[in-house]
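Have the viewer open while you read.

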Amino acid sequence: MISGEFKFKNAEGVEFKVLFRKPNRKYYGDDCDGVCTTDTITINPDRTDQTILNASIHEFAHAFFWDKKEYEVTKFANACSRFLYNHCKWRRVK
């Protein structure tokens, strides 16, 4: 399990906190990997390493680039996570 709190500021100076917990199924359903709100990124810790990496990149991109369309953020996150996971062999530290 990933623990500890992580905070960052986007380019506009808005502070975000990152939480590793299941997104609220009432609002996002059971299949949600991550969510970015106005000040919080939530990543589902019960996913595979590759999915956690992809969801993290995806939600961080939303925090920095609110104006981008969902398909643009998805393509960006998929390319980054494939590179880091498959080419660089990134793995989560357990």
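Is Lys-22 buried, partly exposed or exposed? Lys-22 is partly exposed, at a relative accessible area of 48%; buried means under 20%, exposed over 50% and partly exposed in between, with a 1.4 Å probe and protein chains only.

Before going on, some ground rules: this is a predicted model, where local features need pLDDT of at least 70 and side-chain atom pairs count only at pLDDT 80 or more, while totals for chains, interfaces and linings use all residues. Residues are numbered from 1 along each chain as its sequence is written, and side-chain values use heavy atoms, with hydrogens and water left out.

**Salt bridges**

A salt bridge here is a side-chain nitrogen of Lys or Arg within 4 Å of a carboxyl oxygen of Asp or Glu. That rule gives six salt bridges. Three of them go like this:

| Pair | N to O distance |
|---|---|
| Lys-22 and Asp-46 | 3.4 Å |
| Arg-47 and Asp-33 | 2.6 Å |
| Asp-49 and Arg-92 | 2.8 Å |

Elements in what follows are DSSP runs numbered from the N terminus: helices are H or I with at least four residues, strands are E with at least two.

Take the Lys-22 and Asp-46 salt bridge. This pair links distant parts of the chain, 24 residues apart: Lys-22 is in the loop between β2 (15-20) and α1 (25-28), and Asp-46 is in the loop between β4 (40-43) and α2 (49-64).

Next up is the salt bridge of Arg-47 with Asp-33. Arg-47 sits in the loop between β4 and α2 and Asp-33 in the loop between α1 and β3 (34-36), so the pair ties together parts 14 residues apart in sequence. Arg-47 is partly exposed at 24% relative accessibility, and Asp-33 is partly exposed at 29%.

Then there's the salt bridge between Asp-49 and Arg-92. Asp-49 belongs to helix α2 and Arg-92 to the segment after α3, so this pair ties together parts 43 residues apart in sequence. Both Asp-49 and Arg-92 are buried. Elsewhere, salt bridges with shared partners join Glu-5, Lys-7 and Glu-15 into one network.

Lys-7 is in strand β1 (residues 6-9) and is partly exposed, at 44% relative accessibility. Contact means heavy atoms within 4.5 Å; beyond its neighbours within four places in sequence, Lys-7 touches Glu-15, Phe-16 and Lys-17. Lys-7 and Asp-39 are 32 residues apart in sequence, with 9.7 Å between their C-alpha atoms.

Thr-42, in strand β4, is buried at 10% relative accessibility. Leaving aside neighbours within four places in sequence, its contacts include Lys-22 and Asp-33.

**Helix packing**

How do α2 and α3 cross? Their axes come within 8 Å and cross at roughly 140°; axes are lines fitted to C-alpha atoms, for helices over the stretch in contact, with angles from 0 to 180 degrees between N-to-C directions. That makes α2 oblique to α3, since angles under 35 degrees count as roughly parallel, over 145 as roughly antiparallel, 65 to 115 as roughly perpendicular and the rest as oblique. Residues making the contact include Asp-49, Leu-53 and Ile-57 of α2 and Val-73, Phe-76 and Leu-84 of α3.

Lys-89 has a positive phi of about 60° despite not being a glycine. Most residues other than glycine have a negative phi. Lys-89 lies in the segment after α3 (70-87) and is exposed, with a relative accessible area of 55%.
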